[in-house]
Amino acid sequence: MAGLLPARPCCQLSELLGVYFGSRGRLLGSPLGRSAYFSLLRNAVARKVVRLGRAVGRMEAKYQAVKTRKRMSFFIELALPADLVATFSQPPVQVVPDAACDRKALLRGLFLGCGSVNAPNTRYHLEFVAPTPSWASAIARLIESAGVKAGIAVRGGQSVVYVKDGDGIVRLLSMMGANRAVMEFENVRVLREVSGEVNRRLNFETANIGKTIGSGMRQAAAIEQLEADGKLDRLPPALREMARWRSKHPELNLGELAGHMKLSKSAVNHRLRRLQQLAKPVAPKQERRSA
Ligand SMILES: [Zn+2]
């Protein structure tokens, strides 16, 4: 979910706003202009913010990774074009868009900014730790407009929007494009129904998932570039098939991809490297600017 960018500029902006408000982003001022400041826990999300900023308004990004005793933090500062400053200082009621595509993108961004899902022993649980009470109501309304029941609770002084019903969680995750999470979650549900002894936790902050998504995302971006340059169709079938799999599943690791494609890990690795090399010469940055 942290991997691919939405295709349309309206959705890109909505997703960026979702991450910004969800992660309690702040507006900074300097003599050179205003910038949006993000403090994030996952590198994959941080990189997505940088890519979204470029796509939305060619925003320059400062990126900093800081290791604290317990975990990594990622700080991003996006230089805002003057016409976007007002958009980043709106109250939630005004941020929530009308178009279905943008409501979905906003919710995905909010989830990347403050959401998590897990399947602990006793019950299924998806939640957003909302930045403010008014954001909590806005998030609950977005969820309910997707036909899923949401509740709001106050925990440690913070408003938490939660969804408990398993079908609702699956519907929300697939709506937000969290393929891997949906698969694993459904897996957990099936296992639990069969054996009742599953205790698997799916946390979006899991370092391994972040790492896999990181390299998968770079590969998917390279493939996006090949496609944008019209090169993809001219590649040999084996590479085209590889590209199809990777862009559909940026979240899978090498072994999982190899399993799905019935290939060896080294063959998959070789093809992915080849795709990245092919994307490079004309596109040193590997990122498409569509703004
Ligand atoms: Zn849109």
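Here are some questions and answers about a predicted model, covering a zinc site, a helix pair and two buried residues.

The model is predicted, so local features need pLDDT of at least 70 and side-chain atom pairs count only at pLDDT 80 or more, while totals for chains, interfaces and linings use all residues. Residues are numbered from 1 along each chain as its sequence is written, and side-chain values use heavy atoms, leaving out hydrogens and water.

Q: Which residues are the protein donors of the zinc ion?
A: Donors are N, O and S atoms within 2.8 Å of the metal (3.2 Å for Na, K and Ca), and water is not among the atoms, so sites may look incomplete. Here the donor atoms lie 2.0 to 2.3 Å from the zinc ion. Along the chain they follow the spacing C-C-x89-C-D. The donors are Cys 10 (SG), Cys 11 (SG), Cys 101 (SG) and Asp 102 (OD).

Q: What is the geometry of the zinc site?
A: Four donors count as tetrahedral if all angles lie between 85 and 135 degrees. The angles among the four donor atoms of the zinc ion run from 99 to 123°. The site is therefore tetrahedral.

Q: How many residues apart in sequence are the parts that Cys 11 and Asp 102 tie together?
A: Helices (H or I, at least four residues) and strands (E, at least two) are DSSP runs, numbered from the N terminus. Cys 11 lies in helix α1 (residues 9-22), and Asp 102 lies in helix α4 (residues 100-114). The pair therefore ties together parts whose separation in sequence is 91 residues.

Q: Is Asp 102 buried or exposed?
A: Buried means under 20% relative accessible area, exposed over 50%, and partly exposed in between (1.4 Å probe, protein chains only). The relative accessibility of Asp 102 is 9%. Asp 102 therefore counts as buried.

Q: Which residues does Thr 87 touch, not counting residues up to four places away in sequence?
A: Thr 87 sits in the loop between β4 (72-79) and α3 (92-95). Its relative accessible area is 18%, so Thr 87 is buried. Taking contact as heavy atoms within 4.5 Å, Thr 87 touches Leu 13, Leu 17 and Phe 21.

Q: In which strand does Ser 159 lie?
A: Ser 159 is buried, with a relative accessible area of 10%. Its contacts, not counting residues up to four places away in sequence, include Phe 128, Pro 133 and Ala 153. The strand that holds Ser 159 is β8 (residues 158-163).

Note on methods:
Tetrahedral: all angles 85-135°; square planar, octahedral: opposite > 155°, others 65-115°. Axes fitted to C-alpha atoms, helices over the stretch in contact; angles between N-to-C directions.
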